[in-house]
Amino acid sequence: MRTWYSVLFFFLMMSTVLGGVHYYLWRELIRAPRWTPRPRRALTAGLVLLFALLMGSFPAYRLLRPEVAAPLVFVSFTWLGIMFLLFVATLARHGLHHAAGRVSRVNVDPGRRLFLQRTSALGVGVLTTGASAVSIQKALDSLHVREVDVRHEKLAAGWAPLRIALVTDIHVGATIGREFVTAMVERINTLDADLVAITGDLVDGSVPDLAPHVAPLAGLRSRHGTFFVPGNHEYYSGLDAWLAHLGSLGIRTLRNERVTLDHHGHAFDVAGIDDPTGNPDMPRTVAGRNPETPLLVLAHQPRAVRHTAGHGGLLQLSGHTHGGQIWPFNFLVRIVQPYVEGLHRHNDGMFVYVSPGTGYWGPAMRLGTKAEITAVTLARA
């Protein structure tokens, strides 16, 4: 019963928020420019239809099989991304109109005002169309490999560089499937990695629906194996079932636990902690650990550093943020996450690397960031 209340609350909240955005776009871009009746009716009907498609995609995403839901989800989620860019551009347009009115402080001829309203509305449409085309093309590009070197002074002399292939936030589901996963695995296997790390949000859907699509993960190759920590989306998708299934593919899950591995004669620890959606417990994870052993930490969200800092870690690998995915959403991410993307050194000396993600969530769009497989090399400074 509680689950249905949660679903209903989510649907009502999204209806209210997205309905408000659609109304704002209608008011500013359709009503205010006072288009002639025929284009005004067509634009209004189109906006209402897109809102209905978007709201219908949320239950379709969860209730229908991925291959059935895919066309509806792709179209409606693409509109979600375009709508966000349109909303940002319309806010900017509104602000410019307001500022211009305050500066001039004179009555503008009604005909001229209407011309400016229509011209600026068309400008918003053209700008958003261009930005959307670029962002879709970037999201659907072939997989990019980013090389990241991390050099730490606490590594012992003779330490052989550890090469880690990091992927995160793949979001296998209605619009990302087996073909993408196969290409990703093939690319990882060219990197000669010592270890593969998957830091959560691998899937959006159940094991029965998505098992064929994640099956290529069994082909991942590295010296020390593949390690996984769950993200918040695994909790939404049936966590226990997924952890059991990933184990059958040879992927080791770390939930507030660690393993000690031998890397060319040097011991090192790999620790993974739960996402805040679960119960992160770093003291339990490192209990009894030899503090002289190098420690690599896997955590889905960058803000896990609040738990992991001060426990002797040399490097934390995270995802979750998507680098903002669609600019300027990255500025909102900064409100809740200490780091949005890239390599940072935390105040306890531990490095934190935040991947912008390997797939995407929602719209197949990226603006201001690029999906990646990260090849992280941990070496002695």
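**A guided look at a predicted model**

Guide: The secondary structure of this protein comes to 11 helices and 12 strands. The model is predicted. Its C-alpha atoms fill a box of roughly 80 × 45 × 40 Å along the principal axes.

Visitor: Why is Thr 90 called buried?

Guide: Buried means under 20% relative accessible area. Thr 90 has a relative accessible area of 0%, so Thr 90 is buried. Its place is in helix H3, residues 66-104.

Visitor: What does Thr 90 touch, beyond residues up to four places away in sequence?

Guide: Tyr 24, Leu 25, Glu 28, Leu 29 and Val 124. Touching here means heavy atoms within 4.5 Å.

Visitor: How much of the protein is buried?

Guide: Buried residues make up 50% of the 381 residues. The protein exposes about 17900 Å², and carbon and sulfur atoms supply 62% of that area.

Visitor: Which residues touch the most other members of the largest nonpolar core?

Guide: That core has 34 residues, and the ones in question are Val 172, Met 184, Ile 188, Leu 217 and Ile 373. Elements giving two or more residues to this core include strand S2 (162-167), helix H5 (178-188) and strand S12 (373-380).

Visitor: How do you know where empty space is left?

Guide: Rolling a probe the size of a water molecule over the atoms shows it. A search of the whole structure finds two cavities of 30 Å³ or more.

Visitor: What makes a space a cavity, and what volume has the largest?

Guide: In a cavity a 1.4 Å probe fits but cannot get out. The largest cavity has a volume of about 90 Å³. Among the residues that line it are Lys 138, Asp 141, Leu 143, Phe 180 and Tyr 360.

Visitor: What lies in the second largest cavity?

Guide: About 50 Å³ of space. Its lining includes Tyr 61, Phe 77, Asp 204 and Tyr 360, and divides into six nonpolar, four polar and one charged.

Conventions: Residues numbered from 1 in each chain as written. Predicted model: local features only at pLDDT ≥ 70, side-chain atom pairs only at ≥ 80, totals over all residues. Heavy atoms only, no water. Helix = DSSP H or I, 4+ residues; strand = E, 2+ residues; numbered from the N terminus. Buried < 20%, exposed > 50% of the residue type's maximum accessible area, 1.4 Å probe, protein only. 1 Å grid on protein atoms, 1.4 Å probe; cavity = no way out; pocket = protein on both sides within 12 Å on 5 of 7 lines; lining within 4 Å. Points joined across faces, edges and corners; volume = space filled by probe spheres on them. Nonpolar A, V, L, I, M, F, W, Y, C, P; charged D, E, K, R; others polar. Areas by Shrake-Rupley, 256 points an atom, 1.4 Å probe, with all protein chains shown as cover. Core = buried A, V, L, I, M, F, W, Y, C linked by side-chain atoms within 4.5 Å.
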